[in-house]
Amino acid sequence: MLNVISLSVENYGISCTIWPEICHFLGLWGDFNVIWDEEERFGGLHVSLNEVNDLRHCVNTCNLTDLGFKGSIYTWWNGQAGDDCIFKRLDRCLANIEFQQIFPALEITHLSKIGSDHNPMLLKCREDAAPLKKLKKALSTWSRATYGDIFQKIASLEEVVMVHEAEFERHPTTQNRENLLKVQAELIRYLALEEEFWKQKFGIVWFQDGNRNTRFFHA
C-alpha cells in the first residue's frame, strides 16, 4: 500500500507543525500556499523569508524532492491584469526516494486553469502492466469511435487555452485576459458536453454530486 497525501494549505505557518506527523508518507502534492523562491513569483509583494525557510526545512526534514513539471511555471493567478496581476507557483509534487523507485518515470504537467485560480496538476506514471495497456487501448478506440469529435475539440481547445495563458503571463493586459477568458469559456462548454456524455453512458454517482472533473476520472 502506498502512503501519499494531497495537501491544501490555508495557513502554512500553522500547518508546518504537522510535517513531522506526515513524514512517513512517500509523496505529497497539492497547494502548499507558499513559493520556493522569488523565481516562482510574478507581481505582488516579496515572499516572506520565514515561509520560504519553513518550506525548505520541512521538505528537507522529510527527505522529499520536487518532481519538477512541464508547462507554465506558475500554478496560481489572482484573476487580475496589468499592474495588479500576480502569478505564483503554489502547487507542487514532492516525493521521497522510495516513491521514485517504485515509479521511476513520473511526469507532472501543469494543465490550463479552467474554472479555478489554480492549474490542475496531471501526474503520469509509467505503465508496466500489459492488461492496463490493453484496457487503455480499447477504451481509447471506443472513445474515438463513439465521441471522437468532442474529445478532439477539447484537446484542441486545451492547447489554445495554454497558448493564451502563456501570452497573458508574458503580457498581463486587459485584452489578453479577455481573450483568455473567452477560450476558457468555450472549453468549459465542451467539457460540459463531455460530462453529459459520461453521465448518460454510465450514470456514475459522482455526477449526482455535481463533480465536474470528468476528464481526470476518465483520462
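## Aromatic pairs and confidence in a predicted chain

Y74 and F87 are both buried (buried is under 20% relative accessible area, exposed over 50% and partly exposed in between, with a 1.4 Å probe and protein chains only). This is a predicted model, where local features need pLDDT of at least 70, side-chain atom pairs count only at pLDDT 80 or more, and totals for chains, interfaces and linings use all residues. Residues are numbered from 1 along each chain as its sequence is written, and side-chain values use heavy atoms, leaving out hydrogens and water.

**Aromatic pairs**

- The structure has 6 aromatic pairs (rings of Phe, Tyr and Trp, the last by its six-membered ring, with centres within 6.5 Å; planes under 30 degrees apart are stacked, over 60 edge-to-face, the rest tilted).
- Y74 and F87 count as stacked because their ring centres are 5.4 Å apart and their planes sit at 25 degrees.
- Y74 is in the loop between β4 (65–66) and β5 (76–77) while F87 is in strand β6, so this pair links parts 13 residues apart in sequence.
- F87 also pairs edge-to-face with F168, at 5.8 Å centre to centre and 80 degrees between the planes.
- With F87 in strand β6 and F168 in helix α5 (residues 130–170), that pair ties together parts 81 residues apart in sequence.
- F87 has a relative accessible area of 2%, and F168 is buried at 1%.
- One aromatic cluster takes in F42, Y74, W77, F87 and F168.

**Around T109**

- T109 sits in strand β8 (residues 107–110) and, at 16% relative accessibility, is buried.
- Leaving aside residues up to four places away in sequence, T109 touches K70, P120, M121 and L122 (a contact is heavy atoms within 4.5 Å).

**The whole chain**

- The chain has 8 helices and 9 strands (DSSP runs numbered from the N terminus: H or I of at least four residues for helices, E of at least two for strands).
- Of its 219 residues, 36% are buried.
- Among contacts between residues at least 6 apart in sequence, 61% join residues at least 24 apart.

- Mean pLDDT (the predictor's confidence in each residue, from 0 to 100) is 77 for the chain, with 69% of residues reaching 70 or more.
- Confidence is lowest in helix α1 (residues 12–15), at a mean of 45, and highest in strand β6 (residues 87–88), at 94.
- Residues 8–14 have pLDDT below 50, with 13 contacts beyond near neighbours in sequence.
- Residues 204–208 are also below 50, with 8 such contacts.
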